[in-house]
Amino acid sequence: MWKSEPSFMMGLAYLLHLLRVYMTKELGFSGSITQLQLAASLSCSFLPPASNQMDSVGCSIPINQMAEYFNSELNRTVVQLRKELPLAVLTYVDVYSVKYKLISHADEYGFTYPLKACCGYGGGKYNFNGNIRCDSPVVVNGTLITVKSCKDPLTHVNFDGFHFTDAANQWFFDRINTGAYSDPPLSLADACLKHA
Ligand SMILES: *[C@@H]1O[C@H](CO)[C@@H](O)[C@H](O)[C@H]1NC(C)=O
Ligand SMILES: *[C@@H]1O[C@H](CO)[C@@H](O)[C@H](O)[C@H]1NC(C)=O
């Protein structure tokens, strides 16, 4: 279980520590208002999970739990830092929820394939093979092949098993930009203007 993984918990504590140091040092040096948009971007992994660890959408349950835990710890840190640094402007952006929304309701938003890699190998629900990756020439059964982008990337959320497609990133941005996933819920433009 990831919660009992010392490396995960240490990594998380270290990240939050860096955030704290960055914020206090920055303010200590300049005394000015510092703005930070925090993006918690762990989300559904595109790597096929074991079937007993898969949720109804096809995402990995332990990775989802890890992301949710990471985000709640990040939020806790942000809430605390707002108290410690009243001049700082901290925006928490819940990238996890917006990504999960698209992956879980892809068809409603015009995407045909929520999980299938556009540039992948092997077919099936994920079209992913860790040894045969996008744009990396490799010999498969004696033949040199290079996996290329699909013809219809606009219908895919998952680009290559690791990255989102441009179309998915645009979809995320359009929603994050409104402030709907932000705390406080200001559009990106307003969050910047307010404190310029
Ligand atoms: C962050 O934590 C505070 C205090 O517990 C809570 O009121 C707020 O809703 C949380 N925000 C998010 C985005 O989870
Ligand atoms: C290689 O060929 C074998 C036999 O046809 C096949 O079972 C296997 O899936 C092939 N490997 C890949 C990576 O396509």
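Biologist: What should I keep in mind about the numbering and the model?

Modeller: Residues are numbered from 1 along each chain as its sequence is written, while chains are lettered from A and ligands numbered from 1 in the order in which they are written. Since this is a predicted model, local features need pLDDT of at least 70 and side-chain atom pairs count only at pLDDT 80 or more, whereas totals for chains, interfaces and linings use all residues.

Biologist: How do you know how many helices and strands there are in the protein?

Modeller: Helices (H or I, at least four residues) and strands (E, at least two) are DSSP runs, numbered from the N terminus, and by that rule the protein has five helices and five strands. Along the sequence they are arranged as α-β-α-β-α-β-β-α-β-α.

Biologist: Why is Cys150 called partly exposed?

Modeller: A residue is buried if 20 or more other C-beta atoms, placed from the backbone, lie within 10 Å of its own, exposed if 12 or fewer, and partly exposed in between. Cys150 has 18 C-beta neighbours inside 10 Å, and therefore counts as partly exposed. Cys150 sits in the loop between β4 (143-145) and α4 (166-176).

Biologist: Which residues does Cys150 touch, not counting those up to four places away in sequence?

Modeller: Two residues are in contact if their C-beta atoms, placed from the backbone, lie within 7 Å, and on that basis Cys150 touches Cys118, Cys119 and His156. As for Ala117, 33 residues apart from Cys150 along the chain, the two C-alpha atoms are separated by 8.6 Å.

Biologist: Why do Asp135 and Asn141 count as exposed?

Modeller: Asp135 has 10 C-beta neighbours inside 10 Å, so it counts as exposed, and Asn141, with 5 C-beta neighbours inside 10 Å, counts as exposed too. Asp135 lies in the loop between α3 and β3 (138-140), and Asn141 in the loop between β3 and β4. Phi is positive in both, near 60 degrees for Asp135 and about 50 degrees for Asn141, although neither is a glycine.

Biologist: What makes those phi values worth a remark, and where is there a cis peptide bond?

Modeller: Most residues other than glycine have a negative phi, and most peptide bonds are trans. A cis peptide bond joins Asp183 and Pro184, with omega about 0 degrees, and Pro184 is in the loop between β5 (182-183) and α5 (188-193).

Biologist: What makes a set of residues a nonpolar core?

Modeller: A nonpolar core is a set of buried Ala, Val, Leu, Ile, Met, Phe, Trp, Tyr and Cys residues joined through C-beta atoms within 7 Å. The largest such core has 20 residues, of which Leu102, Ile103, Ala117 and Val157 touch the most other members. Helix α3 gives the largest share of this core, three residues. Leaving aside neighbours within four places in sequence, Leu102 is in contact with Tyr109, Phe111, Val157, Ala168 and Trp171.

Biologist: Which helices do the buried residues of α3 pack against?

Modeller: The buried residues of α3 (residues 95-104), including Tyr96 and Val98, pack against α2 (61-84) and α4.

Biologist: How do you know which residues surround ligand 1?

Modeller: A residue is near a molecule if its C-beta atom, placed from the backbone, lies within 6 Å of it, and the residues surrounding ligand 1 are Asn75, Val79, Tyr92, Asp94 and Asp183.
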